[in-house]
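Reader: Hello! I am new to reading protein structures, and I would like a close look at one loop and what it takes part in. Could you walk me through it slowly?

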Amino acid sequence: MKFDVSKARELLADHQMDFLGGAPVVIHCHHFNLFWDQTMDDALGMERGIEVRTQAAHKASHTLLRGLIDSFDKSTPIERLGVAAAIFSAMGHGKLHLAVGRSGGLVRGDSLHYGFGWREKYGATLRRSAAADAFAAGFSTAATEVAYDLAPGSLRALEERCIVDGSTGCEIRVSAGDGGLDIGGVGVEAAKRSLPATFDGLHEERIVPIVAGLRDFLGGVAGDERGVIEAFGVLVTQHLADYYNHCANDTMAIAVAEKPGVVDAYRALLYESGIACAFHTFGGVLSSPEWEAMVGAPSGDSLEILLGCLAQARALGFGKWTLEEYEPGSRLVLSSPGSYETLFGRVCAPSTPAGIFPGAAVGMMRLAHEVDWQPRANISNALYLRLAQKNTWSVVETSNIASGAAMDRVVVTRT
Amino acid sequence: MTNLSKLVRDVGCRRDLLWRCDLGSGVDPTSMVEALSQQGFADVGHTRRFGLVVLEEPGSGHRAVVVLRTGRVQLRMDASCPHADRVPEARRLHGALDHLNLAPTSAARSGG
């Protein structure tokens, strides 16, 4: 089933945040997504990590699908399951075959983003036995609940087979749940009420046209016949921001209550995920033919790299990240009237840890100062690891809208 | 005469899927797009207005991505292509593109 989701989209342009079916959405690549899921598992252990990630997907997907079903006025379970499968593929998460009734059933998955991405990135060198597609499992649960008008938590799901262990396909079992799931999350109306006033930064005249071009380009990007988006040299997903936010918040709550010894390491990994995002996604986009066609191949000028990264952050729906201050080679100050993480903190749970903005700021300085862009950059995992060992930059978060401040603000300096 | 630089793995290459080469400075990128279209390659990207043309080879599903402003060419092997076949397939496609009869740029035509 193909359908036009444009009428279910809303852009809060002043804050560069995107909503689909009333749920906040962002774009992230497989490098970040795999790193993110691994971070939850590292903090809680694989079994608990899968549980938290599946439930986070369940909650975030319920909000999305409820909103979409209402937008498209789909009344029968078959129609609703068709919408769910179509949007899942359009967002680049693969293909779901939802053979489910009101008490559950079996879901077959093809080219599911996490399993497919893990196999592409690590399959040649690592072995893995635990299933990778908790997001697809949680999404399938929500799709079934919404199709049959069941209360959130009526069902649960577990991926029983996954291609990461050599299986030929993925299978998810949906079955009776414990009930009583509080789906929470940020709705578009709450976002409008809660976000602080927007503002501009330096060099807006250079950033804004790039954002417009990228948004125009990304507006035409959707999953192919496999439900996969291959662009900019990465596997791209449009993803539910509250998947990440529920993961971060729920994992922190468990860590504080049950494993206080891992809290600092967990925070550090969230921050590292921001660096990974900037390096692989921003760096990959800057190196891509798509960027070369729209903007031109990067010259290597550090300001040009930073502005390109800020434009990407906006176009990907992270928030209106602005340049407040920049001293080449020594200091970077970024500010923003909110990111998708800190908005969740402001609306839902102020203690939610946020790593994307400070981490990405460091990643941007690495791209601007430690990557040779001429004649061409070599954005690779090997370079990522080499720069991580050098650890040239440190960052301090000086304010955060989750704690009631008027802006998110980070300061990066040389270590 | 050859059109393209040596074939190398491109940034972001995963398991031999992404390859890069560049058109010689005197070769018009648009003429490569036209030549490939005449050979049955389909424009599947619908991104020409961004200065990027994505052409799919009939049968194999491999794609040639041409940056019109710079002449960069990215070869994207179809993901269903067996891993062992990706390198020879990339070389085959590179060879085919390399020997197309392409027009020079207007600057090259005028001797500039």
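Author: Happy to! Please keep in mind that this is a predicted model. Let us begin with Pro375(A), which sits in the loop of chain A between helix H13 (356–370) and helix H14 (381–390). The peptide bond that joins Gln374(A) to Pro375(A) is cis, with omega of about 0°.

Now look at Arg376(A), which is in the loop between H13 and H14 of chain A. The side chain of Arg376(A) meets that of Asp22(B) in a salt bridge, 3.4 Å from N to O. This pair crosses between chains, and its partner Asp22(B) belongs to strand E2 (residues 18–22) of chain B. Are the two partners buried or exposed? Arg376(A) has 38% relative accessibility, so it counts as partly exposed. Asp22(B), at 17%, falls under the 20% cut-off and therefore counts as buried. Cys21(B) is buried too, with a relative accessible area of 1%. As a general idea, side chains of opposite charge can pair when their charged atoms come close.

Eight residue pairs are in polar contact across the interface of chain A and chain B, with both residues at pLDDT 80 or more. On the side of chain A that touches chain B, the elements giving two or more residues are helix H4 (113–122), helix H7 (204–219), strand E9 (234–240) and helix H10 (289–294). H10(A) provides the largest share, five residues. Sorted by kind, the residues on this side of chain A are ten nonpolar, six polar and eight charged.

The interface can also be described by contacts and by area. In contacts, 24 residues of chain A meet 22 residues of chain B. In area, the two chains bury about 2100 Å² between them, with 50% of it on carbon and sulfur atoms. Glu120(A), Pro289(A) and Glu292(A) supply 29% of what chain A buries against chain B, more than any other three residues.

Salt bridges also turn up within the chains. A search of the whole structure finds 32 of them over all chains. One of these joins Arg53(A) and Asp37(A), at 2.9 Å from N to O. Arg53(A) lies in helix H2 (residues 46–72) of chain A and Asp37(A) in helix H1 (residues 30–44) of chain A, so the pair ties together parts that are 16 residues apart in sequence. Arg53(A) is buried, at 0% relative accessibility, and Asp37(A) is buried as well, at 5%.

Chain B has a pair to compare: Arg92(B) and Glu57(B) form a salt bridge whose closest N and O atoms are 2.9 Å apart. This pair links distant parts of the chain, 35 residues apart, with Arg92(B) in helix H2 (residues 83–98) of chain B and Glu57(B) in the loop between strand E4 (52–56) and strand E5 (63–67) of chain B. Arg92(B) is partly exposed, with a relative accessible area of 35%, while Glu57(B) is buried, at 11%. Back in chain A, salt bridges that share partners join Arg66(A), Asp70(A), Arg80(A) and Asp149(A) into one network.

Asp149(A) brings us to another loop of chain A, the one between helix H5 (134–147) and strand E6 (155–161). Its phi is positive, about 55°, although Asp149(A) is not a glycine. His203(A) also has a positive phi, near 60°, and is a residue other than glycine. You will find His203(A) in the loop between helix H6 (188–194) and H7 of chain A, where it is partly exposed, with a relative accessible area of 27%.

One last stop is Thr322(A), in strand E10 (residues 322–327) of chain A. It is buried, with a relative accessible area of 0%. A polar atom of the Thr322(A) side chain lies 2.7 Å from the backbone oxygen of Ser335(A). Beyond its neighbours within four places in sequence, Thr322(A) is in contact with residues including Phe199(A), Leu310(A), Arg314(A) and Val333(A).

How values were computed. Residues numbered from 1 in each chain as written. Chains lettered and ligands numbered in written order. Predicted model: local features only at pLDDT ≥ 70, side-chain atom pairs only at ≥ 80, totals over all residues. Heavy atoms only, no water. Contact = heavy atoms within 4.5 Å. Buried area = accessible area lost by both parts, 1.4 Å probe. Polar contact = N/O pair within 3.5 Å; in protein donor to acceptor, adjacent residues only side chain to side chain. Helix = DSSP H or I, 4+ residues; strand = E, 2+ residues; numbered from the N terminus. Nonpolar A, V, L, I, M, F, W, Y, C, P; charged D, E, K, R; others polar. Buried < 20%, exposed > 50% of the residue type's maximum accessible area, 1.4 Å probe, protein only. Salt bridge = Lys/Arg side-chain N within 4 Å of Asp/Glu carboxyl O.
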